[in-house]
Amino acid sequence: MKFGKEFSSQMVPEWQQAYMNYDSLKKCLKDIIAFKRGTNHAAPRGGAAKNHHDRGLSRKMTLYRTFSGLVSTPGRQRRGNSHDVEEGVPLTAKSEPIQVSTTVDQGCVTKFLMTTEEGGEYELVFFRRLDDEFNKVSKFYKEKIEEVLKEAVVLNKQMDALIAFRVKVENPEGWGWDERTVEITRLATDIATSAAVISASSPAGAKSINVGSKAHLEAIQEGGSSRAGRMEDVVQEEEEEEDNGASVSTKATDVNTTRMRALRPAPINILDRVWLNDTKETPRSTIKGFLQITKQTDLKFSRENLMMVEEKLRQALFVFYQKLRLLKSYSFLNVLAFSKILKKYDKITSRDAMKTYMKMVDASHLGGSDEVVRLMERVEATFIKHFANANRTKGMNILRPKAKRERHRLTFSTGFLGGCIFSLIVALAAIIRTRHLLQQEDQEQYMNTMFPLYSLFGFIVLHIIMYAANIYYWKRYKVNYSFIFGFKQGTELGYRQVLLVGFSIGVFALLCVLANLDMEADPETKDYQALTELLPLCLFIAMFVVLVLPFKFFYGSTRLFFLTSLFHCLAAPLYKVTLPDFFLGDQLTSQVQALRSIEFYICYYGWGDFRHRKNTCNTSSYKAFIFIVAVIPYLSRLLQCMRRLFEEKNPEQGWNGLKYFLTIVAVCLRTAYSIQKHQVAWRVLAAIFSVIAAIFSTWWDFVHDWGLLNRTSKNRWLRDKLLIPQKKVYFIAMILNVLLRFAWIQTVLDFKFSFMHRETMITVVASLEIIRRGIWNFFRLENEHLNNVGKYRAFKSVPLPFNYDEDEDKDG
């Protein structure tokens with residue numbers, strides 16, 4: 001893989017605009033190559049050989065050589081070597097073509113000294129762009145470093161409070177002096193040992209850094225103070241004793257005294273100016289907030305609160321560590337990219353600019369700062385000590401989870417089940433045709449009873465397939481869907497896993513259909529086989545049981561995530577609305593017919609005579625529930641919009657709620673007309689409100705959900721940033737969205753086809769809405785991703801367990 005592709009593939013998607021624009025600089029180099037070829041002349045420089053032109057051509061041919069791998073930091077190796085190891089080209093002594101100087105804000109300005117030479121203006125443009133890219137990258141990196149240093153200070157205070165809180169819970173009566181002395185001595189020994197191990201494994205220059213004067217996250221030890229500088233002094237004293245060969249017995253008392261003085265327990269009085277930050281959203285807390293009832297923030301020293309505090313801080317440290325890892329990768333990749341592009345420049349021009357420029361890069365904040373490495377070491381030590389029971393292997397496995405590997409059996413199983421579905425569909429069509437089942441007398445009864453039962457599984461499978469297609473294209477166009485939805489790292493499903501779930505349901509549903517194709521009842525008893533008539537119900541119950549099972553097998557974390565979001569949708573507006581909640585709510589609005597099928601299950605098997613395929617689902621009470629079921633998804637979204645309007649004070653949420661209110665009215669009128677076909681008034685009202693709701697919803701889709709129809713955009717009628725390079729795709733998607741959204745016209749105009757049963761028509765219209773929703777999903781998340789990219793938002797904020805009284809902190 002070439003470096004450009006490798007560089008692009010390893011970028012943090014939300015920080016993509018902050019990376020060095022490698023392609024832009026390559027275009028500058030191509031301009032230099034084009035000029036040299038146009039002049040067909042290359043003047044010798046710096047004592048080069050006479051056949052330099054031929055050698056330059058061979059170098060140009062290797063401009064796009066294979067990427068050699070991300071193995072070590074460039075630049076630093078260059079300083080000590082007189083040869084280019086990778087290319088085997090000797091770097092001869094010659095006059096430097098550039099002078100690099102730094103500015104007050106730690107930017108750089110490069111002066112090109114060969115502008116008078118032929119083609120020098122192209123090289124001047126290259127270095128100007130190179131400086132612009134370096135200044136952009138360096139500025140972004142410096143800002144992010146400042147952010148993490150501030151966050152480290154906050155986490156430091158949180159850890160101090162945790163230690164004190166833990167001591168208070170473990171010893172509510174307080175410690176006596178004797179117990180305290182013994183405990184301090186034991187802890188000091190353990191801490192000094194663990195600190196020595198960590199220091200031995202750290203980089204060579206880590207010990208000599210005075211961390212006490214900088215805001216780094218310190219390795220806070222349980223029962224000890226958070227002054228890591230004192231702890232390191234103790235370790236250094238021990239090392240000096242070993243080097244001098246001093247007797248341990250003669251200085252044991254002094255060392256223990258120093259340890260006791262430096263590693264005293266965290267002051268309990270720190271808890272006097274902190275209180276618990278209760279961020280758990282419950283219906284009770286929502287009602288209290290609405291009624292403006294103040295929350296109780298007093299510290300209760302209980303095991304439950306301690307576990308809650310530890311869990312929040314564990315999550316906060318984990319997220320903070322991931323930030324540090326991404327910053328380290330950001331620095332490394334950009335330094336490597338500067339090295340690569342300068343090496344290409346040197347090969348094309350036979351100059352020696354790389355050494356001078358990379359010396360500046362290595363001395364800059366981007367290449368020479370080691371705050372991130374030191375912070376990572378501190379976080380690792382803290383996390384291992386306090387959240388992994390001092391087990392380094394366990395702690396590092398949590399902090400650095402292994403990437404999931406695609407297993408061949410998953411691909412095989414998905415393909416096998418897909419083939420089974422195709423074969424079963426062909427077999428079903430062949431049986432229906434050869435037996436002439438559609439011409440039998442009981443065909444109408446089958447379509448009115450059994451077909452709605454099995455269509456539920458068709459809706460579910462189709463929606464799952466559309467979601468799998470969404471995941472495939474989100475990954476292809478680098479939409480960070482796992483971050484947007486808030487999946488835990490390593491638990492998000494790939495498109496193959498989603499297809500496996502959908503195909504599994506599809507295979508079982510088709511097998512039940514084939515086993516339940518009887519169109520004629522027993523001539524004597526006039527009933528059907530009870531076992532086959534119960535197959536749809538058994539499959540539905542089995543699917544429901546697998547979904548709600550509290551075990552970890554069969555994607556347990558994903559099932560729990562789905563059930564949590566589903567419960568939040570049903571309990572709206574009692575829970576804070578997050579993106580997964582309203583995204584799932586939008587999916588449910590496209591599954592109204594599936595919800596009606598579930599209602600039909602309850603009616604058919606609860607009050608109907610399934611042995612004779614007779615249902616009593618035509619009563620007035622059942623028809624009332626048809627209205628309720630159709631309205632539930634839209635009402636849930638309306639309440640979510642009202643909750644967001646109340647919290648965020650954003651008027652857009654009010655207009656969004658109006659959209660769902662109009663849809664509720666339109667759905668109710670269409671349902672009323674479907675029940676009372678002879679009422680012309682219902683038909684007219686249903687048509688009017690449906691048109692209004694459809695037009696408003698379509699406009700909202702394009703402008704707010706997809707961010708399109710921007711007349712001032714550089715991509716006319718679209719938006720400035722597009723992930724799909726083919727613009728026509730967006731216009732095709734908009735046209736399809738309009739056509740599929742207006743599929744409800746069939747319910748008002750009563751289109752009838754001789755070859756299609758009424759239930760079949762309802763199923764087709766519902767399927768078209770699911771397909772429209774699948775198209776909507778991709779562009780909705782694309783727009784959300786681009787919003788995150790515009791704000792460089794690569795992490796979600798994690799609520800911390802403690803709130804501090806900042807005024808008292810300042811006074812102290």
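Predicted model: local features only at pLDDT ≥ 70, side-chain atom pairs only at ≥ 80, totals over all residues.
View 1. Residues are numbered from 1 along each chain as its sequence is written, and side-chain values use heavy atoms, leaving out hydrogens and water.

Ile541 belongs to helix H20 (residues 535-548). Helices (H or I, at least four residues) and strands (E, at least two) are DSSP runs, numbered from the N terminus. With 45% relative accessibility, Ile541 is partly exposed; buried means under 20% relative accessible area, exposed over 50%, and partly exposed in between (1.4 Å probe, protein chains only).

**View 2. The disulfide.** How many disulfides does the structure hold? There is 1, and it links Cys603 with Cys617, at 2.0 Å from S to S. To count, two cysteine sulfur atoms must be within 2.5 Å. The torsion about this S-S bond of Cys603 and Cys617 is about -125°, so the disulfide is left-handed. Cys603 is part of helix H23 (residues 592-607) and Cys617 is in the loop between H23 and helix H24 (620-648), so the bond ties together parts 14 residues apart in sequence. Are these two cysteines buried or exposed? Cys603 is buried at 7% relative accessibility, and Cys617 is buried too, at 6%. Cys538 is in no disulfide, and its nearest cysteine sulfur, on Cys512, is 8.1 Å away. Cys538 is partly exposed, with a relative accessible area of 45%.

View 3. Strands E3 (residues 98-102) and E4 (residues 108-112) pair in the antiparallel sense over 5 bridges. Two strands pair if DSSP finds at least two bridges between them. Look for Ile98 opposite Phe112 in E4. The hairpin has 5 residues between E3 and E4, and in the turn Gln106 shows a positive phi of about 65°. Cys108 is buried, with 2% relative accessibility.

View 4. Most residues other than glycine have a negative phi, and most peptide bonds are trans. Now check the peptide bond from Ala572 to Pro573: it is cis, with omega near 5°. Pro573 sits in the loop between helix H21 (556-570) and helix H22 (579-589). Lys478 isn't a glycine, yet its phi is positive, about 60°. You'll find Lys478 in the loop between helix H16 (443-476) and helix H17 (481-485), partly exposed at a relative accessible area of 38%. Tyr555 also has a positive phi, near 60°. Tyr555 lies in the loop between H20 and H21 and is partly exposed, with a relative accessible area of 21%.
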